[in-house]
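Subject: A structure for you

Hi there,

Here is the structure I promised to pass on. Please open it first, and then read my notes below.

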Amino acid sequence: MNETLRSPAPDAPVVHHERGQRSVFCGLAGIVWLHRKIQDAFFLVVGSRTCAHLLQSAAGVMIFAEPRFATAILEERDLAGLADVNDELDNVVARLLERRPDIKMLFLVGSCPSEVIKIDLVRAAQRLNRIHSPRAKVVSYSGSGIEKTFTEGEDACLAALVPDLPLDAASAPSLLVVGALADVVEDQFATTFREIGVEARFLPARRADSMPAVGPNTKFILAQPFLAETARALELRGAKRIPAVFPLGSEGTSLWLKAVADAFNVQAATLDAATAPGRARAEMSLARHREQLAGKKIFFFPDSQLEVPLARFLARELGMKPVDVSTPYLHQQLLAEELALLSSETRLNEGSAVDDQLDRCREARPDLTVCGLGLANPLEAEGLPTKWAIELLFTPIQGYDQAGDLAELFTRPLTRRSRLEV
Ligand code: SF4
């Protein structure tokens with residue numbers, strides 16, 4: 001079912017709403033990057049063998065390390081209600097924490113099977129907290145494919161952390177950057193903020209015992225566009241969101257940093273001095289990609305929720321033509337600044353109707369299509385070059401020094417195809 005509503009910004013594209021079959025990973029996929037970020041956390045999925053296979057194939061790199069995620073597999077007798085799942089879960093957690101003193105935070109992650117048989121993981125986490133606190137903190141969230149697309153797993157995880165963040169009662173305003181960033185990107189941003197006189201803290205922190213405090217004087221800025229639930233949870237704690245575009249590309253990074261600078265009354269000259277070298281590096285690295293990408297048509301299937309900021313970056317900084325941009329959810333408030341920069345010639349869609357989108361894609365014959373793994377092979381077979389959306393989550397792409405790497409993710413499939421055609 002499709003319907004058309006007006007978008008809030010007069011110059012921004014009209015938003016089409018589509019409902020139908022979707023083709024994306026579930027929220028468990030977020031564990032792949034979240035376990036790297038929170039270094040003393042463990043993610044215990046309460047799920048099925050399918051969930052275990054998904055995690056293992058998405059993050060096979062764990063073979064040589066002490067794993068920091070696993071699946072507590074629900075067997076048939078659990079699903080049939082013949083065993084006390086809570087007792088079994090308590091035993092699994094007790095054994096895990098006894099064997100692994102390095103684990104300081106344990107996430108119980110809900111899945112489709114745990115939701116279908118209605119295991120109450122919120123209550124389980126409360127019970128396990130009483131047993132294991134202060135040795136380890138236990139938190140629950142849902143990564144189930146019934147209700148979560150893959151980046152929503154991170155949103156659910158961070159939102160679950162917010163109620164227990166310490167209270168920041170200081171009267172001076174503080175900055176909180178929200179969203180799991182690669183450590184190298186986080187370090188770069190922390191340095192830039194320090195240079196403009198703003199001390200930044202990051203959610204999630206790298207360790208369980210250094211999660212940031214939050215309070216009425218916290219100003220937070222999102223580093224990822226898919227964190228609506230986390231933003232709401234922070235606002236309930238009194239924190240105020242700094243509206244901004246997202247730090248993708250040189251312009252995106254400059255506008256994102258400027259939003260912080262404005263919120264903390266930093267002089268324009270101070271910001272300019274701190275960012276000029278990074279901007280110059282980013283511009284230089286983008287120039288060679290622009291030659292290859294300018295004028296090329298790009299088509300986005302709904303997947304990562306990064307689609308709108310990426311389309312803005314590719315159009316404005318690399319001269320690409322985003323002909324059709326679909327995103328699973330369009331958080332109009334969080335994306336207002338992005339939408340204002342998107343051309344009204346772009347067809348913008350919220351939701352999934354994969355068959356309709358495939359028809360439009362075939363008709364548009366884009367030079368590049370960004371989609372999930374399941375759609376990539378059939379489209380490639382039809383002669384349409386693709387880029388896997390999930391790579392945009394596994395690769396550091398934010399900030400000046402990653403702008404060239406981000407652009408390269410889009411030039412690489414075209415280069416590969418032209419080599420194959422030689
Ligand atoms: S949570 Fe659901 S969609 Fe995700 S792997 Fe498990 S069964 Fe599949």
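Predicted model: local features only at pLDDT ≥ 70, side-chain atom pairs only at ≥ 80, totals over all residues.

Helices (H or I, at least four residues) and strands (E, at least two) are DSSP runs, numbered from the N terminus. The axis of α4 (residues 85-99) comes within 11 Å of the axis of α6 (residues 121-132), and the two cross at roughly 40 degrees. That makes α4 oblique to α6. For the terms: axes are lines fitted to C-alpha atoms, for helices over the stretch in contact, with angles running from 0 to 180 degrees between N-to-C directions. Angles under 35 degrees count as roughly parallel, over 145 as roughly antiparallel, 65 to 115 as roughly perpendicular and the rest as oblique.

On the α4 side the contact (C-beta atoms, placed from the backbone, within 7 Å) is made by Asn86, Leu89, Asp90, Val93 and Leu97, and on the α6 side by Ala124, Leu128 and His132. By class, 5 residues of this contact are nonpolar, 2 polar and 1 charged. Here Ala, Val, Leu, Ile, Met, Phe, Trp, Tyr, Cys and Pro count as nonpolar, Asp, Glu, Lys and Arg as charged, and the others, Gly among them, as polar.

Another helix pair is α7 (residues 150-161) and α9 (residues 228-236), whose axes come within 7 Å and cross at roughly 15 degrees. That makes α7 roughly parallel to α9. The crossing of α7 and α9 is left-handed. From α7, Asp155, Ala156, Leu158 and Ala159 meet Ala228, Glu229, Thr230 and Ala233 of α9. This contact has 5 nonpolar, 1 polar and 2 charged residues.

Now to the ligand. Around the ligand are Cys26, Leu28, Gly47, Ser48, Thr50, Cys51, Leu54, Ser111, Cys112, Gly143, Ser144 and Gly145, each with its C-beta atom, placed from the backbone, within 6 Å. Helix α2 (residues 49-58) gives the largest share of this shell, 3 residues. By class, the shell has 5 nonpolar, 7 polar and no charged residues.

UniProt, in an unreviewed entry, places the feature "binding site" at Cys26, Cys51 and Cys112. Cys51 lies in α2. Such annotations may be inferred rather than shown by experiment.

A few backbone details are worth a look too. Most residues other than glycine have a negative phi, and most peptide bonds are trans. The bond from Ser133 to Pro134 is cis, with omega near 0 degrees, and Pro134 is in the loop between α6 and β6 (137-142). Leu203 and Pro204 are also joined by a cis peptide bond, with omega about 5 degrees; Pro204 is in the loop between β8 (200-203) and β9 (218-222). Gln305 is not a glycine, yet has a positive phi of about 70 degrees.

Two notes on reading the model. Residues are numbered from 1 along each chain as its sequence is written. Local features need pLDDT of at least 70 and side-chain atom pairs count only at pLDDT 80 or more, while totals for chains, interfaces and linings use all residues.

Best wishes

Definitions and conventions
Left-handed = near helix turned anticlockwise from the far one by under 90°. Contact = placed C-beta atoms within 7 Å.
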